[in-house]
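Subject: A structure for you to explore

Hello,

I am handing over a structure that I have been going through, and I hope you enjoy looking around in it. Please open it next to this email, and then read on for what I found.

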Amino acid sequence: MEKYLSFDDIKKSLENGETDCKAIVNYYLQNIQTKAHLNAFVEVYRDSALEQAAKVDEKITSGKAGKLAGMVVGIKDVLVYKDHEFNASSNILKGFKSQFTATAIQRLIDEDAIIIGRLNCDEFGMGSSNENTCHGRVLNAADESRVPGGSSGGSAVAVQANMCTVSLGTDTGGSVRQPAAFTGLVGTKPTYSRVSRWGLIAYASSFDTIGIFSRNVRDSALVMEVMAGPDNFDSTASKKPVPHYSELLHFGKRAKVAYLTETIESAALQPEIKANTLAVIDKLKQEGHQVEEVHFPLLKYVLPTYYILTTAEASSNLSRYDGVKYGYRSPNSHNLESMYKKTRTEGFGEEVKRRIMLGTFVLSASYHDAYFTKAQRVRRLIKEFTEELLNKFDYILMPTTPSTAFKFGEHSNDPVAMYLEDLFTVQASVSGVPALSLPNGTDNQGLPIGIQVMANSFKEAELYAFGNYLMELNSN
């Protein structure tokens, strides 16, 4: 029988004197070892985690422990942690050790969370299946022949298989919400700028957010209230005050909810996902909430807009990996030009190279206005439409993904089919609004299904409360 399925379980065990932090860490370490074949962890910080645990035990004894004492956290391999290696699951950064800690991680440590290791992901966060990684693919614990989703697949499986209490992922276009749906977890993408990006290896800077995987809404809310807030190291981080999300989970009003025709009627939507989504809509109506169908005519433009802009930003961000300053340098080069070319050719994986090439193309002088500038204009239209909708309604409800977890290799030779896995998640990313993926039953093969809720910018408190309500409604 699995223990510690929520942070409340851990706190009760600590308060009752049934366990201590070292024992909790050892429990997770044992699970990691037993389930190593899932390949969720790139590296386990056994020694430093036990050392942290001992310090937290002393703080608990002296009554000085922080609000996350006993929480064990895994971190995606694109977030830096001082004196620990990270490489964004790419050969081009193999062996690189960080000289500082990401703000989001440091804030968790300051509240006595324990960092247990770094987690496998698609290279530089580029992918929807966790197959694009130099560390080998991650297996979905629900069905090991299927992908866990991506790019934060390792982060999802670590929580799914109870190898840590919560984990951090990153969400650029759905990379927390999609794997959360594939693994039956709660996946949170905050408002863009709500959480500092300092120490996050950039993929697309105007889209990237740090998100959370958890088994319930309360754990995610608690982690978010600790991580979020202004940061002197990140000028894009919002200075808005951070509510105590975990204390605001009661939902006691009649909500106005919109659902988008184009998502429910999409030809790509799996029948069981459609049925489960409609069932939630019916339950909300029965509970007296105002639920309305709304047309979203821009849906077909969301994915092209997202991929044009993110590949352009990736092309720029990844230019720093050239073999000069840090990371991999090709031993086969004979002059400066060949060093640049061979280092990047040998160091980057196929998907990363594909996106760099696409981004370089849309930024080129001949095509900049035809693609990049036009995509920026369409992004503005999508953002305005979404915000206008969220000014009329409290929430937008839709499936998280068009399908449940697909088999390994199913989309490997068809990049467009792989990109379509992000069909329902990119709207929140393009618009910058917060979104939550929640477990919503299973399909006829027992594979998890997710349902997604979006709210207006900086409305995480309302989003968490409604998400918590939906999980309670689904459990009845």
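Leaving aside its neighbours within four places in sequence, which residues is T191 in contact with? They are T209, G432, V433, P434, S457, F458 and E460. Before we go further, please keep in mind that this is a predicted model.

Let us stay with T191 for a moment. You will find T191 in the loop between β5 (186-189) and β6 (209-214). Its relative accessibility is 2%, and buried means under 20%, so T191 counts as buried.

Now zoom out to the strands. In general, strands of a sheet pair through backbone hydrogen bonds, either parallel or antiparallel. Here, 11 strands form an open sheet with mixed pairing, and their order is β1-β3-β2-β4-β6-β5-β10-β11-β9-β7-β8. At the edges stand β1 (41-44) and β8 (290-294); each has a single partner strand, so one side of each is left without a neighbour in the sheet. From one strand to the next, the twist averages 30°.

- β4 (residues 166-171) pairs with β6 in the antiparallel sense, over 5 bridges. Look for S167, which stands opposite F213 in β6.
- β7 and β9 pair in the parallel sense over 3 bridges. Here V257 stands opposite Y395 in β9.
- β9 and β11 run antiparallel and are joined by 4 bridges. In this pair L397 stands opposite V453 in β11.

Strand β9 is mostly covered, with 5 of its 5 residues buried.

**Helices on the sheet**

Helix α5 (residues 153-160) lies across β1, β2 (72-76), β3 (114-119), β4 and β6, and runs at about 155° to β4. Helix α16 lies across β5, β6, β7 (256-260), β9 (395-399), β10 (435-442) and β11 (448-454), and runs at about 5° to β10.

Within α5, have a look at V159. At 0% relative accessibility, V159 counts as buried. Leaving aside residues within four places in sequence, V159 is in contact with C164, T165, V166, S167, L185, F213, S214 and R215.

Two packed helices are described by the angle between their axes and the distance between the axes. For helix α9 (residues 271-286) and helix α16 (residues 460-475), the axes come within 11 Å and cross at roughly 100°. Angles of 65 to 115 degrees count as roughly perpendicular, and α9 and α16 are therefore roughly perpendicular to each other. On the α9 side, V280, K283 and L284 make the contact, while α16 brings F466, Y469, L470, L473 and N474. These residues divide into 6 nonpolar, 1 polar and 1 charged.

**A few spots in the loops**

What is the accessibility of D422, buried or exposed? D422 lies in the loop between α14 (415-419) and α15 (426-431), and with a relative accessible area of 6% it is buried. Not counting residues up to four places away in sequence, D422 touches S128, G173, L303 and Y307. D422 and K256 are 166 residues apart in sequence, and 26 Å apart in space from C-alpha to C-alpha.

The backbone has some details to check too. A cis peptide bond joins G150 and S151, with omega at about 5°, and S151 is in the loop between β3 and α5.

Finally, visit the loop between β2 and α4 (103-110), where D83 lies. D83 is not a glycine, but it has a positive phi of about 65°. A88 is found in the loop between β2 and α4 as well, and it has a positive phi of about 55° although it is not a glycine. D83 counts as exposed at 53% relative accessibility, whereas A88 is buried with a relative accessible area of 0%.

Technical notes:
Residues are numbered from 1 along each chain as its sequence is written. This is a predicted model: local features need pLDDT of at least 70, side-chain atom pairs count only at pLDDT 80 or more; totals for chains, interfaces and linings use all residues. Side-chain values use heavy atoms; hydrogens and water are left out. Axes are lines fitted to C-alpha atoms, for helices over the stretch in contact, and angles run from 0 to 180 degrees between N-to-C directions. Helices (H or I, at least four residues) and strands (E, at least two) are DSSP runs, numbered from the N terminus. Angles under 35 degrees count as roughly parallel, over 145 as roughly antiparallel, 65 to 115 as roughly perpendicular and the rest as oblique. Contact means heavy atoms within 4.5 Å. Ala, Val, Leu, Ile, Met, Phe, Trp, Tyr, Cys and Pro count as nonpolar, Asp, Glu, Lys and Arg as charged, and the others, Gly among them, as polar. Buried means under 20% relative accessible area, exposed over 50%, partly exposed in between (1.4 Å probe, protein chains only). Two strands pair if DSSP finds at least two bridges between them.
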